[in-house]
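These are my notebook entries on one protein structure.

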Amino acid sequence: RRRVAYRGTEFEEMDLDAVLARHPEVAVVDELAHTNVPGAGRHPKRWEDVIELLGAGIAVISTVNIQHLESVADAVERMTQVAVRERVPDWVVRRADQIELVDSSPEQLRRRMLHGNIYPPDKISQALTNFFRTENLTALRELALRFLADETEEELLAYLQRHAVTKLWETTERIMAAVTGAPGSDGVVRRAARIAGRVKAELDVVHVVPADAPADVDPPAIATLRQLSADLGAHWHELHADDPVRAILDLARAQQTTQIVLGSSRRSRLHELTKGSFLRRIVREASDADVDVHIIARRTPHELADPLSDES
């Protein structure tokens, strides 16, 4: 440790240069989001010290509270009405080889607080009536669980893709909407987003174009669907393939999709008999892969009459 004088008070900070000189195999560095006392070293934030240790080949074990993650700090401030001044970028935490959740119920945390295990006695009452209220701790716990669930899902998908696993692992729901530029496709995307929202699932939107189509051509209808997908928080995929059913199902397997949402066909019965039915084929082959298929009525919005026109 290094003792640093700042504004008439002495503080202890990690001596980064001393750790680098010692060069241990593993360094335990507490409070990843901590702000270093000015003058204590060359980095303002402790997570920057950790990045330098990693660059020197030193493994690091660290801790961070969920409220200090940049992606959730603003939400935490709104919920708790307490400013979150110390923040750490999400990419720093996600860079870790392993993330372990240290979970505790709100009641247990409050008991530890009362017993003096967290703050000194003169700060306990204020903490329990402000940041450490039960409803705040419940919300923070859910944020932590969701962050770790997202991280675990990414690890699982990476493993399944790396090992070319084609069997569906239903660890969570994953929704995919397959769209064309036909009228009513926007309704299919919105319906899929509602399904995904109800089950707290990620949404992928896929559009398949012929393999020989120009890659830089983006028809207005598709551009609109792409923007709508972004607005709804979905992941857009554009695939170039001559067999749209195969392309969609290959992506579904790679993404471990559990439900596919499609718009109903407007092709004539004669066309389906002579050319085959896209819907029948994808329902059949998706069923073989244990993927559920929703076929949504694709409605064309009715044009509204101009109230100032002569026909109104």
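Entry 1: I began with Trp-91, which is partly exposed at a relative accessible area of 49%. For this term I took buried as under 20% relative accessible area, exposed as over 50% and partly exposed as in between, with a 1.4 Å probe and protein chains only. The model is a predicted one, in which local features need pLDDT of at least 70, side-chain atom pairs count only at pLDDT 80 or more, and totals for chains, interfaces and linings use all residues. Residues are numbered from 1 along each chain as its sequence is written, and side-chain values use heavy atoms, with hydrogens and water left out.

I searched the whole structure for aromatic pairs and noted 3. Rings of Phe, Tyr and Trp (its six-membered ring) pair if their centres lie within 6.5 Å; planes under 30 degrees apart count as stacked, over 60 as edge-to-face and the rest as tilted. Helices here are DSSP runs (H or I, at least four residues), as are strands (E, at least two), numbered from the N terminus. Trp-47 counts as buried, at 14% relative accessibility.

**Entry 2: Tyr-119 and Phe-132.** I then recorded a further edge-to-face pair, Tyr-119 with Phe-132, at 5.8 Å centre to centre and 75° between the planes. Tyr-119 lies in the loop between helix 5 and helix 6, and Phe-132 in the loop between helix 6 and helix 7, so the pair ties together parts 13 residues apart in sequence.

I listed the contacts of Phe-132 (heavy atoms within 4.5 Å). Leaving aside residues up to four places away in sequence, Phe-132 touches Arg-110, Met-113, Ile-118, Tyr-119, Ala-127 and Leu-137.

**Entry 3: Cores.** Phe-132 is also among the residues with the most contacts inside the largest nonpolar core, which has 31 residues. Such a core is a set of buried Ala, Val, Leu, Ile, Met, Phe, Trp, Tyr and Cys residues joined through side-chain atoms within 4.5 Å. Elements giving two or more residues to this core include helix 1 (16-22), strand 3 (26-29) and helix 2 (46-55). Helix 7 gives the most, with 4 residues. I noted a second, separate core of 19 residues, which includes Val-179, Ala-196, Ala-234 and Ile-296. For the protein as a whole, 37% of the 312 residues count as buried.

**Entry 4: Helix 10 and helix 12.** The axes of helix 10 (residues 244-255) and helix 12 (residues 278-288) come within 10 Å and cross at roughly 35°. Axes are lines fitted to C-alpha atoms, for helices over the stretch in contact, and angles run from 0 to 180 degrees between N-to-C directions. Among the residues that meet are Ile-248 and Leu-249 in helix 10, and Phe-278 and Ile-282 in helix 12.

**Entry 5: Glu-52.** Glu-52 is in helix 2 and counts as partly exposed at 24% relative accessibility. Not counting residues up to four places away in sequence, Glu-52 touches Leu-16, Leu-20, Arg-42 and His-43.
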